[in-house]
Amino acid sequence: MSTPRRLTTVDEVETIIGRPAPMIMLKQISALDEGCRAVLARCPIAALGYRDADGTSRTTFVGGVPGFARVHSPTRISFVLPESGDPHGPVSVFFLLPGVGETLRVNGSVAARRGAETAVDIEEAYVHCAQAVLRSRLWQPPGPAEPAAAISCDGPLSRPGVAEFLAAAPFLALSTWDASGGSDTSPRGDRRTVARILDSRTLVIPDRKGNKRADTLHNLLRDDRLSFAALVPGRGGVLHVRGRGTITDDAALLETMALRGMSPQLALLIDVEHAEVAGNDAVARSRLWSPGAHLDKGAVPDLMALAGGHLAANSAESGGGSRAFLLKAVGAVPGTTRLLRLVMNRAYRSGLRREGYEDVGPGAGGRRRGVPRRHSSGGGGAAHPLREVRVTEVRRETPSAVTLVLEDAGGNPGTFDFRPGQFFTLVADIDGRPVRRAYSASSAPGSSRLEVTVKHVEGGRFSTHAHRSLRPGDRLAVRGPSGSFHAEPHPPDEIVLIAAGSGVTPMMSMIRAQLAARPGHGRTTLLYSNSSAGEVIFADELTRLAKDDPDRLSVTHVLTDQDGRLDADGVRRWVTGLVPAEDAHYYVCGPAPLMDVVQGVLTGLGVPDGLVHHESYTSAADTGTVVTAPQEMTVEEDGRRVGTVVVEPGQTLLDAGLAAGLPMPHSCTVGNCGDCMVRLRSGEVTQNEPNCLTPQQKADGYVLTCMGCPRSKVTLDIADP
């Protein structure tokens, strides 16, 4: 193909697309009003464009949970940027609401950085029309992908998974900058494929008719550097592209992108310098395509009504008194918002059909029916969603242990219901990436506050963060409860607890619940080993509880620096000295060598295995096992195909399945509970060791999806093992 003609002046561009109407420019506001803040409170994800200190352009998606963007004032927001790049100067953001066509766009500049937390001073905000989302059918079930373009020579677009991703990507966020460095990130969408491959380093993006504001086009005339991040519905990854862009009106090229004989008005040609597919935490955690992800009607203000309010306010300020009065008067009439929505939906349908689109629907449309989730086998019920909490207190227990006191982040805190001894998975954004760790609840169930006690581990990312960085007011996410190590719903009259170090935390929950729930009944004994008196967690409370109720609680301490290490003889003497009842239940939590010793002693004393309960932790959070190229995963249930999804580089099987809305069983997500165990029918999966799978389960072909990464195309069966 001959070299397409390039447009190089504003006059050339505006001769084709026209000039924006003055009303278009009156939709901008300089600070977030109440409606904008309501949108941010419910928004789980946003596209962000920025440049590094060295001028490298980057576009990515940030967020992961509703309200991820914190509003500090009408002119300042902050959010976590999970990137190694350091944003400088102007940035631009658009916020996506699942099931909603319009987006809220915010432009500003970086005000401060605290670790991965990025604060942005807002310069302008406005509502963007729904055309890009509607063209792409972003919120509807994905259709069949186009065949991937054949690439004959090396180039950025020939990298693993790039051509296949582009063939299926109907939507992207495109970032450009103007002559003064001002940033603009705008949504782009097209039916099936939004960016088409011309050769191994060249892409073309159609520019169909819009509101004529055309910030992207005007910016590229002054600074041709750009970047974009593309999405594929149902996938938890993102394609990141950087390069240089030009504008063309080449008729032959435009004709190749015609819909029903109607060509786009212009096209962007991109000389690609970098292209890479990677997993994205914000996309995966947002679960944008899961059943029920679309916002309920009325959950946020109608964005077109919000835009109308901005227009009315700006018209008044700019001297358009009669127009502003009319807009406000019309807006005050009951039912106007519904009427405006009907009018805009009709306008969207009409405009898109004129561009050549068929089957245009302005709403979310096409919601998929959910498949019932398998229930957890670990006593924790069904798979638990993330629950946002805030830290109300960080209480020092010992030099190496702190208790985090947590409650719901919302205005109406609920209760934390679990069985004493169960654990919760805590999720924190550390250096821009979510880190997950499992910790037993140390508080009694049923309270509006959850307490978890964290012992510092040298080199541990979460424990170091908890000890050095967490403060009251900070937010975390919690999943759970999980685990089968718990007191029975109707505890026996006698429970025997043996713990070492932080293994006392689930025991503390049992003790607190037992003493509170059954006054005057039951007997609890605790054998507790620590290196020294200063390392005894809950020392004062254990002493007080045993003193206040000596007939129901007794505590025996073993201090290694004074008494030597707790061995089999010591455990045997203590247990036999108790003269426990035949139906007493035994709970053991601590290092594996101690648990092996205790198990041997109890077996030797004739205690049935059914009366002995153990707890041990593994962790999959700092995984060195990653996907190096996108791999296809097919999920079945008893041989019936449930769905197929692509696992991106950096993702686990579970992350990819949940991001696509598949009914993947799970609970703790850190490899401790076994609820995500599935059978590997075909392919190769690698996973971190150690984990909670037994040697026999591994031999039978079971894997943990929360830890597993595919090395090839895989098929999993999620039926109950």
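Thr524 is part of strand E23, which spans residues 523-530. The model is a predicted one.

**Thr524 and its surroundings**

- Thr524 is buried, because its relative accessibility is 2% and the cut-off for buried is under 20%.
- Leaving aside residues up to four places away in sequence, Thr524 is in contact with Ile495, Leu497, Ile511, Gln514, Arg552, Leu553 and Ser554.

**The sheet that holds E23**

- E23 belongs to an open sheet of 5 strands, whose order is E24-E23-E22-E25-E26 and whose pairing is parallel.
- Strand E24 (553-559) and strand E26 (612-615) are the edge strands, each of them pairing on one side only.
- On average, and with direction ignored, neighbouring strands in this sheet are turned by 15° against each other.
- Strand E25 (residues 585-589) runs parallel to E26 and is joined to E26 by 4 bridges.
- Tyr586 has Val612, in E26, as its bridge partner.
- Helix H14, made up of residues 539-548, packs on the sheet and touches E23 and E24. The direction of H14 makes about 140° with that of E24.

**Helix H3**

- Helix H3 covers residues 34-42, and its buried residues include Gly35, Cys36, Val39 and Leu40.
- These four residues lie on the same side of H3, because they cover an arc of only 140° around the axis.
- In general, an α-helix has 3.6 residues a turn, so residues three or four places apart point the same way.
- The N-terminal end of H3 is capped by Asp33, which has a side-chain oxygen 3.3 Å from the backbone nitrogen of Gly35.

**Cysteines**

- How many disulfides does a search of the whole structure find? The search finds 0.
- A disulfide is a covalent bond between the sulfur atoms of two cysteines.
- For Cys676, the closest cysteine sulfur is that of Cys706, at 3.7 Å. This is too far for a bond, because the two sulfur atoms of a disulfide must be within 2.5 Å.
- Cys676 has a relative accessible area of 6% and is therefore buried.
- Cys129 also counts as buried, because its relative accessibility is 17% and the limit is under 20%.

Conventions
Residues are numbered from 1 along each chain as its sequence is written. This is a predicted model: local features need pLDDT of at least 70, side-chain atom pairs count only at pLDDT 80 or more; totals for chains, interfaces and linings use all residues. Side-chain values use heavy atoms; hydrogens and water are left out. Buried means under 20% relative accessible area, exposed over 50%, partly exposed in between (1.4 Å probe, protein chains only). Helices (H or I, at least four residues) and strands (E, at least two) are DSSP runs, numbered from the N terminus. Contact means heavy atoms within 4.5 Å. The arc is that of the directions from the helix axis to the C-beta atoms. A polar contact is a pair of N or O atoms within 3.5 Å; within protein, one must be able to donate a hydrogen and the other to accept it, and residues adjacent in sequence count only if both atoms are side-chain atoms. Two strands pair if DSSP finds at least two bridges between them. Axes are lines fitted to C-alpha atoms, for helices over the stretch in contact, and angles run from 0 to 180 degrees between N-to-C directions.
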